[in-house]
Every structure is written in structure tokens, then in C-alpha cells.
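Here is a friendly walk through a protein model. Please have the sequence and the 3D view open as you read.

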Amino acid sequence: MGMIRLSACSARRLAPSTPLRTATRAAVRAGVTAGVRGIRTAAPFPTSTARAGVPKYARGVSHQPKTSAENPLGLNDPSLFKQQAWVDGKWVDASSGKTFEVTDPATGKVLGTAPDMDKDDVSRAVDVAEKAFKSFRHTTPGDRQKMLLRLHKEFIDNAEDIARLIVWENGKSWSDAYGEALYAASYVQWFAGEAVRTYGDVVPSAIAGQRNIVIKQPIGVCALLVPWNFPAGMPARKLAPVIATGCTCVVKVPAETPYTNFAIAELIRRAGVPDGVVNIVSTHENLTEVGKELTENPKVRKVSFTGSTRVGKMLAAQSASTLKKLSLELGGNAPCIIFDDADIPTAVAGTIATKFRGSGQTCVCANRIYVHESIYDEFADKLAAKVKEFKVGNGFDDGVTHGPLITEKAAEKVQSHLDDALKRGAKVLAGGKREGNMFEPTVLRDVPEDCLIAHDETFGPIAALIPFKDEQHVVDLANDSDVGLAGYFFSKDSDRIWRVAEALEVGMVGANTGAISQAQVPFGGIRQSGWGKEGSYQGTNEYLIEKLIAIGTNLDSPKWLD
């Protein structure tokens with residue numbers, strides 16, 4: 001089932017003999033991307049789409065893990081493979097002793113087990129986090145910054161092993177997984193800086209002799225519910241501001257990808273974060289009751305969730321009983337518009353970046369691609385030509401650019417969207433085949449506006465090209481959705497760039513780029529894509545409360561002040 005070798009543009013290269021640590025740092029400076037060869041996706045730092053790539057050492061050598069009975073996942077540091085939860089600075093099992101299996105989505109092979117924890121286990125973890133908060137909230141910003149800088153170093157030094165764990169349990173290609181490890185590290189580094197930037201305000205008073213001061217304080221115990229599609233990136237994006245602000249947390253990890261999260265717990269331990277500040281729990285059969293415990297327990301003051309809109313609504317309803325602060329990063333159905341004045345090579349590269357990263361399994365993936373009829377054929381042919389170069393397979397195999405979808409159920413949903421489009425007259429220009437969880441990156445042309453893809457998030461590697469005639473009509477189509485996470489468009493017209501960017505009803509817009517996620521910018525949506533932000537200083541504020549301190553003057557103050 002061979003396909004690719006995508007090389008939209010040349011990458012900045014490193015000598016093959018460059019040591020891992022040096023290579024990693026150079027890669028970050030170069031803006032290495034979390035994606036396929038030569039195609040930029042979500043990068044630790046911004047680079048131009050046309051110049052992005054991955055380091056040579058990550059491209060030209062084999063990444064097959066050297067496994068053994070003592071080191072079943074072939075890690076450089078086997079001690080990073082943990083099969084227990086992390087609570088109060090200890091590796092623990094479920095109190096019931098129950099476990100669930102974790103499998104490789106590429107092969108179906110069982111990798112190991114994880115604790116199937118229940119409500120009582122999670123309640124105890126919340127108690128631990130509450131106790132730790134009483135002291136951790138009083139640590140200095142400088143101390144917390146040092147912890148995060150040490151954690152950042154641990155991420156960089158162990159980037160290869162983090163990438164291996166991602167490939168094993170999530171299925172991503174090696175370059176995609178390694179890019180994600182760096183992407184995760186970038187959030188830790190950013191929030192290390194934010195630890196010392198939680199400024200307050202001095203506000204002029206309407207009352208003579210009174211001073212108004214606004215201070216920021218940590219909100220308390222946080223419940224972090226992280227998804228499987230970014231096993232390192234999402235925990236880092238949520239954990240780092242928790243530590244930076246002096247909060248504590250319980251992280252509920254996905255059953256599909258617990259091992260990357262457990263490895264991060266080990267890195268947190270090595271970085272010297274106090275016991276009980278970060279607690280990481282896992283569950284499978286008890287998912288509903290664990291979610292309810294985290295949202296209804298009054299000791300939890302904030303919930304941060306990344307996942308589907310359906311589940312987000314359930315969590316919001318449950319959290320209402322205690323009026324918790326919420327950050328919800330939910331589903332997307334992102335439009336991508338290719339205007340008639342777009343630079344086509346840029347539009348092709350940007351569309352690939354936003355559509356095919358992680359085999360299309362990201363919430364900001366372009367789901368509806370509208371192409372102006374005057375350039376439709378040219379764009380479709382050039383996009384299909386690039387996509388035909390892709391290679392699907394096991395993420396460790398040489399040359400593989402896209403791994404499997406996470407489960408058979410996920411592949412079946414993508415297949416249903418493909419079948420519906422074909423039934424309505426769409427034609428396959430590239431890909432279109434599936435074997436189990438392996439789904440070829442696919443390009444469809446002549447896709448009608450009323451097909452399932454246009455109204456339901458596919459979460460898979462199908463680029464559905466829908467023709468359009470005029471700007472107003474396509475903006476109306478783009479906004480015809482209950483969700484509003486991200487949107488993209490390509491145009492050379494500066495007036496149009498401002499006009500369309502302001503008209504798109506989404507939380508984030510990429511104009512002439514398919515990469516928008518960075519640690520320095522706020523990430524989040526509107527409408528039924530949720531509320532709250534992650535990243536940037538806005539992401540810091542999500543874990544803080546603002547308190548007014550109004551200080552009056554004594555009535556017997558010196559008379560010379562009158």
C-alpha cells in the first residue's frame with residue numbers, strides 16, 4: 001500500500017553525525033515541524049510554509065526500535081516505559097487491581113497494560129492534589145520557573161523516547177512524532193517564562209485616599225482531560241501553566257495513549273516538581289464515573305478538556321453543579337478557501353499541512369476545502385500529485401509519512417464519508433484505499449456542497465475539494481457550521497486578507513499558512529468549539545483568579561494630608 005515521499009520544499013539539514021542533543025536544539029532553532037517530510041505542520045516556533053522541514057538525522061536513518069525482553073519498546077531509557085499511574089509521587093495500580101490493554105494501532109499488537117482506575121482512586125488523587133496545593137501555591141515564581149526549565153531540558157534530552165512512545169501507541173510517522181515531542185517542549189519553555197509574568201494591576205480609585213490593587217492567584221486543583229491525538233503536546237500545553245501558576249492537578253489520560261503521559265510524569269519527577277503537584281490517572285471501563293468525579297468534586301476548581309463537542313457539553317453540564325472554571329477545546333469543521341488570486345504552490349503546501357498532519361486526526365484540520373472554479377483544475381491536479389507521493393504504514397518504517405488511524409471505528413467513519421461523497425458524484429484523484437486502520441491520504445474532486453464531509457468533522461485524511469464562484473458565497477458556506485475552531489484561506493490581495501479574516505466566524509485564522517498552533521499564541525475556538533484559550537499569556541490566565549484589594553486610609557491620618 002505504498003504512496004509517498006512528499007517534498008514540497010527543501011529542509012534545513014543537519015550533518016548525520018550531529019549528536020541527538022545538538023540536533024534537537026538546532027532543529028528547534030530551525031523551526032522544525034511536527035509533520036511529514038518537507039511539509040510544515042504545528043511547529044514549536046513559526047517558520048515559513050515554503051521553507052519548513054525536518055532535520056536530516058530524522059529523515060535519512062532507520063528508526064526501528066531495538067526491542068528486547070528487558071526493553072520491549074526499544075527506548076534509549078527503558079525506565080521511561082511505565083505501566084502504572086502516578087499519584088503523590090508514587091507509581092500506583094488501581095485499587096481494584098484491574099488493568100486494560102494498550103495496543104499498537106498499526107499492528108494490533110498488545111504493548112502492555114495500564115491501571116483501570118475507578119471513582120474512588122481518582123477521588124484520592126484529588127485529595128492529594130488539594131493537600132499539595134496548600135504548600136505549592138506559596139512557592140516563588142522563580143522556583144516554579146526553574147522547575148519548568150529543568151522539565152524542558154528533560155523533554156529535549158528524551159525527545160527520541162517521547163517520539164517512540166507516540167509512534168507505538170498513537171501510530172504517527174516518526175517525523176510527525178518527533179516534531180510533536182519538540183512541540184510539547186516548546187510549551188514547557190514558554191510557560192517557564194510565564195511563571196514570572198503573572199502581573200497584577202494598580203487601578204485609580206474613585207474614593208479619596210483609597211488604593212485599588214488587583215493581584216492574581218492560582219485557582220487551585222485542576223482536572224486536565226487530555227486527548228489521544230497529541231499524546232505529548234496536549235499534556236504539556238495543560239500541565240505547564242498549572243505548574244507555572246502554582247496550581248496542582250489530576251490528569252486523566254486517554255486509554256489509547258497512556259504511556260507517553262506516564263513518561264511525562266517521570267520527567268516531571270526528575271525535574272524536581274514536588275510530589276502531589278501533578279497526579280496522572282488512567283481508566284477505561286470507568287470513564288464515565290471518573291469524568292463525573294472530576295467535574296463534580298468541589299475540591300476541583302477548574303476543568304480543562306480537549307475532545308469532542310458532545311463530551312464537552314456533558315462535562316460542562318456536570319461542572320455547573322459547582323460552577324467550575326472551564327477551558328473547552330472541542331470539535332472543529334475547519335474551512336479552507338483557495339481564492340482565484342492565491343499562489344498555488346503556497347496553497348498546495350498549506351492545504352497539505354492543515355489537512356494531512358496526523359493523518360487528518362486533529363481538531364484544526366481543514367475539513368471543507370473550497371477552491372475557486374477558475375483555478376480548480378490546476379489546484380486539484382497539483383494537490384493530488386503531491387498526495388500521491390505519500391507513503392502509509394507503520395510509523396517506524398523508513399519513508400513512511402502517515403501512520404494508521406487510531407482505531408478501526410475511526411477508519412470506518414472516514415470510509416463512510418468517502419462512500420457518501422462518491423455516491424453524490426465526487427471522484428477520487430489520489431488515494432481512496434483502506435486496509436484495516438491504514439487509510440490512504442485521499443483527494444476528491446467534484447464534491448457537492450451537501451455531502452456529509454461538508455457538515456460533519458471527518459477526522460481523517462480526506463481532502464474534499466468543493467468548487468465556488470464568489471467571495472461572499474464561499475464565506476457564507478465557511479460560516480455555515482455550529483462550530484468555529486479554525487479556518488484557513490489563501491490569497492495575495494491584502495484587502496481580501498483582512499476582509500475574509502475578520503468575516504470568518506472562528507477562533508483562529510490561517511491566512512496563506514496551514515500552521516497556526518504555537519506556544520506563544522492563544523489557541524481556542526468559538527461557538528460549539530468551546531471557550532477558553534491555551535498557550536500565550538491568555539493560557540496562563542486560565543489558571544489564575546483575579547482578586548481586588550482595596551486599601552483605605554485611617555480616619556486619624558495626619559492633618560497635613562487634608
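Predicted model: local features only at pLDDT ≥ 70, side-chain atom pairs only at ≥ 80, totals over all residues.

Residues are numbered from 1 along each chain as its sequence is written, and side-chain values use heavy atoms, leaving out hydrogens and water.

Rings of Phe, Tyr and Trp (its six-membered ring) pair if their centres lie within 6.5 Å; planes under 30 degrees apart are stacked, over 60 edge-to-face, the rest tilted.

| Pair | Type | Centre to centre | Between planes |
|---|---|---|---|
| Trp168 and Phe396 | edge-to-face | 5.1 Å | 65° |
| Phe339 and Phe489 | edge-to-face | 6.2 Å | 80° |

Because Phe339 lies in the loop between strand 12 (334-338) and helix 10 (344-356) and Phe489 in strand 20 (residues 486-490), their pair ties together parts 150 residues apart in sequence. Helices (H or I, at least four residues) and strands (E, at least two) are DSSP runs, numbered from the N terminus. Phe339 and Phe489 are both buried, as are Trp168 and Phe396; buried means under 20% relative accessible area, exposed over 50% and partly exposed in between (1.4 Å probe, protein chains only).

Just after helix 12, Gly425 takes a positive phi of about 110°.

Finally, the structure holds zero disulfides, meaning pairs of cysteine sulfur atoms within 2.5 Å.
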